[in-house]
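Here is a short tour for anyone who likes to check a model residue by residue. Keep the viewer open and follow along.

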Amino acid sequence: MGGASIGWGASALIGPWTPEKDFWHPFLTGPPAAGLFALVGAVIAYFAAGKASQVARDTGAREAWWSRAGWAIEMARADAVADRLLGIRALGVLIDSGSEEDGEMIVGFLEETVLRAVDSEPAATDNDEEGGA
């Protein structure tokens with residue numbers, strides 16, 4: 001009922017509409033409609049490009065994070081204790097800066113690999129450092 005009322009009111013204001021009217025036919029088939037369609041297409045392309053740019057930035061950031069994580073994992077598995085500690089520290093920082101799943105993977109790596117290796121090393125004594133007898 002409401003739609004019929006709106007339609008009747010619009011037709012009373014505009015008059016009977018046919019494509020051959022002086023304004024509507026040229027408007028809908030000419031440059032004005034083409035301009036509107038071009039504008040709508042440009043807006044859609046703008047938002048699509050913005051989304052693609054955001055995805056590319058996120059992907060780049062994730063790749064950079066994994067590059068740093070790979071370096072830290074290699075350091076954490078090094079033979080030298082100082083390098084191992086540096087790698088473990090770097091992994092601790094990376095846990096907070098990555099996604100939740102990435103952080104869980106790093107924690108799992110630390111628990112299964114590095115911390116067991118550190119715990120199983122014999123403790124250095126004062127005599128070992130001084131070339132003791």
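Is V43 buried, partly exposed or exposed? In this predicted model, V43 has a relative accessible area of 40%. Values under 20% count as buried and those over 50% as exposed, so V43 is partly exposed.

## The helix around V43

V43 sits in helix α3, which covers residues 31-76.

## A nonpolar surface patch

V43 also belongs to a nonpolar patch on the surface, together with L36, L39, Y46 and F47. The accessible area of these residues together is about 560 Å².

## The buried side of the story

Other residues of α3 are buried, namely A33, W65, A69, A72, I73, M75 and A76. Several of these turn up again in the largest nonpolar core, which has eleven residues: W65, A69, A72, I73, A76, A90, L91, L94, I106, F109 and L110. The elements giving two or more residues to this core are α3, α4 (81-97) and α5 (100-120). Of these, α3 gives the most, with five residues.

## A buried arginine

Now have a look at R84, in helix α4. Its relative accessibility is 8%, so R84 counts as buried. A polar atom of the R84 side chain lies 2.9 Å from the backbone oxygen of A78.

Technical notes
Residues numbered from 1 in each chain as written. Predicted model: local features only at pLDDT ≥ 70, side-chain atom pairs only at ≥ 80, totals over all residues. Heavy atoms only, no water. Patch = residues over 30% accessible without salt bridge, like charges linked within 9 Å, V, L, I, M, F, W, Y side chains within 5 Å. Areas by Shrake-Rupley, 256 points an atom, 1.4 Å probe, with all protein chains shown as cover. Salt bridge = Lys/Arg side-chain N within 4 Å of Asp/Glu carboxyl O. Helix = DSSP H or I, 4+ residues; strand = E, 2+ residues; numbered from the N terminus. Buried < 20%, exposed > 50% of the residue type's maximum accessible area, 1.4 Å probe, protein only. Core = buried A, V, L, I, M, F, W, Y, C linked by side-chain atoms within 4.5 Å. Polar contact = N/O pair within 3.5 Å; in protein donor to acceptor, adjacent residues only side chain to side chain.
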